[in-house]
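Here is a short report for a reader who is new to this structure. Please look it over before reading on.

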Amino acid sequence: MPHSNIIRNMKRGLLIIMSGPSGVGKGTVRLELVKDKKLNLFYSVSMTTRSPRPGEKDGSDYYFVSHEEFDKQIDDGNLLEWAEFVGNKYGTPKDKVEAKRNEGKNVLLEIEVKGTGQVLSKLQGDKDVISIFIAPPSIEELERRIRGRSTEPDEVIKKRLARCKAELELKSQYEYIVVNDDLAECVEEVKKIILSRMK
Ligand code: 5GP
């Protein structure tokens, strides 16, 4: 067969949505997942109006933008989803998600519950969308972890805790719920889910 007639049948990548309340450890789970080359992941960097925390880098942790810039991105239709979270806006740039999935990469979104609702309804019927909720062993343990992290003022911590409770109520919209009691076990569980859906 002449070379020009060969079409490589590349499987479109998965879209993996991972959520969970503040302090549950999803950032750490994400870093572990991205390290595992078998998972073939592309982490979608979100856009936010929140200020960078110490050590956070523009373009790898988030794209840090002004409220004006964020609103322009919404108006221009550049976001797959967006939501407000404790006084700031967070959203997923649309262009890379599609491009990377078409290249066969599995795209990982780490977003909150309202944004997940938007993605699930926009991509209804797409069998390659996976939603995973990382849950804390208990609300008391979550509170201890958030306070232990203490990168934010008490006022913000209180708002985040209130929001956590609301998020936990919405976990039923997810296909999988994984409890992060032991980090290594939680990471293994999430990897197993992704690998099973890659087959
Ligand atoms: P943090 O300020 O702790 O980095 O993030 C606050 C919350 O916003 C977390 O639950 C995080 O998962 C969520 N988040 C981060 N990026 C996005 C995004 O692009 N869209 C939505 N809807 N939530 C996001």
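A salt bridge is a side-chain nitrogen of Lys or Arg within 4 Å of a carboxyl oxygen of Asp or Glu. The model is predicted.

## Salt bridges

Start with E143 and R147. They form a salt bridge, and their closest N and O atoms are 3.5 Å apart. Both residues sit in helix 5 (residues 139–149). They are four residues apart there, so about one helical turn separates them. E143 is partly exposed, with 30% relative accessibility. R147 is also partly exposed, at 35%. Elsewhere, R12, E98, R101 and D126 belong to one network, joined by salt bridges that share partners.

How many salt bridges does a search of the whole structure find? The count is 23. One of them links D76 to K72, with the closest N and O atoms 2.7 Å apart. D76 is partly exposed, and its relative accessible area is 42%. K72 is partly exposed as well, with a value of 46%. Another salt bridge brings together the side chains of R53 and E56, at 3.9 Å from N to O.

## Two packed helices

Helix 5 also packs against helix 6 (residues 154–169). Their axes are 11 Å apart, and the packing angle is about 150 degrees. Angles over 145 degrees count as roughly antiparallel, so helix 5 is roughly antiparallel to helix 6. The crossing of the two helices is right-handed.

Which residues of helix 5 meet helix 6? They are I139, L142, E143, I146, R147 and R149. On the helix 6 side, the residues are D154, I157, R160, L161, C164, K165 and L168.

Strand 1 (residues 15–19) and strand 8 (residues 129–135) run parallel, joined by five bridges. L15 has V129 of strand 8 as its bridge partner.

Is strand 6 (residues 88–93) enclosed or open? Six of its six residues are buried, so strand 6 is largely enclosed by the rest of the structure. Buried here means under 20% relative accessible area.

Strand 6 runs antiparallel to strand 5 (residues 79–85), and six bridges join the two. In this pairing, E84 stands opposite K89 of strand 6. Strand 5 and strand 6 form a hairpin with two residues between the strands. V86 in that hairpin takes a positive phi near 45 degrees. Strand 3 (residues 46–48) is also antiparallel to strand 6, through two bridges. T48 stands opposite Y90 in strand 6.

Methods: Residues numbered from 1 in each chain as written. Predicted model: local features only at pLDDT ≥ 70, side-chain atom pairs only at ≥ 80, totals over all residues. Heavy atoms only, no water. Buried < 20%, exposed > 50% of the residue type's maximum accessible area, 1.4 Å probe, protein only. Pairing = 2+ DSSP bridges. Axes fitted to C-alpha atoms, helices over the stretch in contact; angles between N-to-C directions. Parallel < 35°, antiparallel > 145°, perpendicular 65-115°, else oblique. Left-handed = near helix turned anticlockwise from the far one by under 90°. Contact = heavy atoms within 4.5 Å.
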